[in-house]
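Hi everyone, thanks for coming.

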Amino acid sequence: MISEEKKIKDESIDTRHGCILYVENVTVSFDGFKALDNLNLYVDDGELRCIIGPNGAGKTTMMDVITGKTRPDEGTVFFGQTLDLTQMTEYEIAHAGIGRKFQKPTVFKNHTVYENLELALHANKDIWTSLLKTLNNRQKETIEGTLETIGLIDQKNMRAGLLAHGQTQWLEIGMLLVQDPRLLLIDEPVAGMTHQETEQTAELLTSLAGKHSVVVVEHEMDFIRSIANRVTVLHEGRVLAEGSMEDVQNDPNVVEVYLGS
Amino acid sequence: MIKQIISLHSFRGWFFIFGLFFAAIILLPVFNIFVPEDSLLHVPDYMFPLLGKYLCYAIVALAVDLIWGYTGILSLGHGVFFAMGGYAMGMYLMRSIGKEGVYKSDLPDFMVFLDWKELPWYWYGFDYFPFALLIIFLVPGLFAFIFGYFAFRSRIKGVYFAIITQAMTYALMLLFFRNDTGFGGNNGLTDFKRILGYSLQDPSTKMCLFMMTVFLLFLSYVISRYIVKSKLGRVLTAIRDVENRVMFSGYNTLHYKLFIWTFSAFLCGLAGALYVPQVGIINPSEMQPANSIEMAIWVAVGGRGTLGGALLGAGVVNVAKSWFTVAAPDYWLYFLGILFIVVTLFLPKGIIGISDRLKKNKDREILND
């Protein structure tokens, strides 16, 4: 047990320069169309960053590159000082501490809410452990605690496929929480949520920043205004503007892209 | 560990399983030996190899269900693993014929017929039962591991994977059909005399083989149940439903798929090895593409993703097959096809799904009251 904890600690990310994610000169093209065009993005350790941009700006492709789903044609992506994400597989990246919430909520519909969290839980994930070990008390407490946080304690034995849309979003966020990643990539967390749920989500994400670094992609402007201190605007695969919400909103380039000239 | 195993079933579940188990290994032999032959309750000798054959198919059904029903990987090539286990056992049985073959030679009859002077190197060792046992487990497992490694690493899925497994079984069937391959060509291996010194014609040997099969089916079932009830089983069903999410949660899905694929092949090899001494022959027709498809149909008919369903399906389809091939052999394939279509359209959860549906209707009635 001690050795396992030590191992997890040893895997910690080198963030001595204050940055946790370095996306540098990344280009991805699909049949000649450049989804990402020489993109540069730096995320500070513990920061909560919002990314906005019109459809086709390359937001999801950027997430795909960071999580290893898509390989860039050019450029480098570093997690901390040392880990080159372009050389790692999806599960290695997840193990290194990057969690992802998809645009379309993806949970395990045939598993119960509790089992969903069990599967996502930060633990040894090789086959022999899965085959022979059951949850220890500390892990059970973590799951119960997260069930409280995401407000699904009464639904814990319900099949996840039966949850309402907002609850599914929360479950997926809960799955990210138990995974305990250093960096959370969250794609459109409040899509389809009620006003109240949106507020709760904003609160949750703000409380996560500091301990974790959070990157949120969202269209919902009010939501971004309520959580963001730094916003990056993507356009045609490049960073168009970066700064506080106010700066970005007054940037003439951004205004042009969003409203047309 | 023991606690975990006990908790695999409710008390009633275990009661039912042990009931079946003891009925098979105690009651059937008792009804065979102590009930007079003219009585209706008498279990005739020929029943044992026949039931044994069905139970071997039941082990195959478990194997197919683990990989298809639980993990969502449709294999249409499991006949290969079955045949491999069968051939390994067959080679041992051929060697233990000794000089009692038609040509009174130390070599198997088909080799004498082909005018071969000595035993090919890959037949060495099959004089010894433990060696054959090792091969029975090693060869299907190893073959599956290598095949699976390349297929899963390249992320081949769904229909493409199913087609490749069909091609695999077809290719190996053609290979085994050739006389030069050294496994008896299209006649395969047959005319076995004895196993471990006991005559295969002897009713008590047949009964023993049947009891061994019951025991190994029981063991296979408990292990399979343990797997699907463990966290590993939940990871497998998660891979079936959304593999991407599993990867992004930090699981190396390649390892998981490879594990269950290899284990599944291993079970099939075991089933093949039990099948051959009871049926008395193994030949390349076991590797016909249609055979492997039939295995998938057993599971679909019984109910995918439930081990009980797989066992039930193997039983129902094979009993029907035995009946049809006697009563109306020309119509069997039509019947199988229609059965498959009906199940796919109206019973997506198979026969075992019917009871769930009835239960739901009952719940609804109760609610309406």
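Let me start with one term: two residues are in contact if their C-beta atoms, placed from the backbone, lie within 7 Å. Keep in mind that this is a predicted model.

Now, chain A. Take its contacts between residues at least 6 apart in sequence: 67% of them join residues at least 24 apart. Chain A has eleven helices and ten strands. Its radius of gyration is 19 Å, close to the 18 Å that the globule rule gives for 261 residues, so chain A is as compact as a globular protein of that length. Along the principal axes, its C-alpha atoms fill a box of roughly 60 × 40 × 35 Å. And 44% of the 261 residues count as buried.

Let's zoom in on one residue, A:K109. You'll find A:K109 in the loop between strand 6 (98-101) and helix 4 (113-120) of chain A. Why is A:K109 called partly exposed? Because 15 other C-beta atoms lie within 10 Å, and the class runs between the exposed limit of 12 or fewer and the buried limit of 20 or more. Beyond its neighbours within four places in sequence, A:K109 is in contact with A:R159, A:A160, A:G161 and, over in chain B, B:D241. A:T168 is 59 residues from A:K109 in sequence, yet their C-alpha atoms are 9.5 Å apart in space.

That takes us to chain B, which is divided into domain 1 (9-44) and domain 2 (56-290). Their centres, taken over C-alpha atoms, are 29 Å apart. Four residues of domain 1 are in contact with four of domain 2. On the domain 1 side, the touching residues are four nonpolar, with no polar and no charged ones.

How values were computed
Residues numbered from 1 in each chain as written. Chains lettered and ligands numbered in written order. Predicted model: local features only at pLDDT ≥ 70, side-chain atom pairs only at ≥ 80, totals over all residues. Helix = DSSP H or I, 4+ residues; strand = E, 2+ residues; numbered from the N terminus. Rg over C-alpha atoms; globule rule 2.2 N^0.38 Å. Domains from an automatic or database assignment. Nonpolar A, V, L, I, M, F, W, Y, C, P; charged D, E, K, R; others polar.
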